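This briefing sets out the fold, the backbone geometry and a surface feature of the structure shown below.

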Amino acid sequence: MTVGVDDFKKAMQLWASGVTVVTTCSEKFGLQGMTVTAFSSVSINPPQVLVCINESADTGTGIQESQCFAVNVLSSTQQDVSNQFAGGSSQEQRFENTPWTKGITGAPILDNSIMSLECEVIEKIHAGTHWIIIGEVQDSVCRSGKPLLYYQGAYQQLMIQP
């Protein structure tokens, strides 16, 4: 017997996570992006990461078309960006007031994120309601700042002791 949905959600809220915006751009669908907390490194050699995207998300369809994506780790000052990309607005509106640069793969790199990884899709695995998309990192950009965190259903900030 598996745990119930509500109990699983309650348990997962106790996992502190960084907040990312996964972006892509394809000829067919244009610019797309969404807020994602399910992100992890997979391998250091070769450098690979994974993101988990709901099968109903249009950004996942864009990644399938483009075969590339960028993971943008948001800074503690970007709660508005996280909310903007979390849904409720069109893809065009998500990018309107968010400065970005076209990366080497064509995926949008959010200019104010603390880190961005551009990836080429190497594998896509269906699991439950989501796609696990594994990408090989083609380029990385690191900037200064503190990460935006998500814990117990709310944004949090990292407190660094001197």
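The secondary structure of this protein comprises four helices and 12 strands, taken as DSSP runs numbered from the N terminus (helices: H or I, at least four residues; strands: E, at least two). The radius of gyration is 15 Å, close to the 15 Å from the globule rule for 162 residues, so the protein is as compact as a globular protein of that length; the radius is taken over C-alpha atoms, and the rule is 2.2 Å times the number of residues to the power 0.38.

The model is predicted: local features need pLDDT of at least 70, side-chain atom pairs count only at pLDDT 80 or more, and totals for chains, interfaces and linings use all residues. Residues are numbered from 1 along each chain as its sequence is written, and side-chain values use heavy atoms, without hydrogens and water.

**Overall dimensions and burial**
- The C-alpha trace spans about 45 × 40 × 35 Å along its principal axes.
- Of the 162 residues, 38% count as buried (buried: under 20% relative accessible area; exposed: over 50%; partly exposed: in between; 1.4 Å probe, protein chains only).

**Backbone geometry**
- Most residues other than glycine have a negative phi, and most peptide bonds are trans.
- The peptide bond from Asn45 to Pro46 is cis, with omega near 5°, and Pro46 lies in the loop between β4 (39–44) and β5 (47–54).
- Gln67, in the loop between α2 (58–66) and β6 (68–73), has a positive phi of about 65° and is partly exposed at 34% relative accessibility.
- Gln152 has a positive phi of about 50° and is located in the loop between β11 (148–151) and β12 (154–157).
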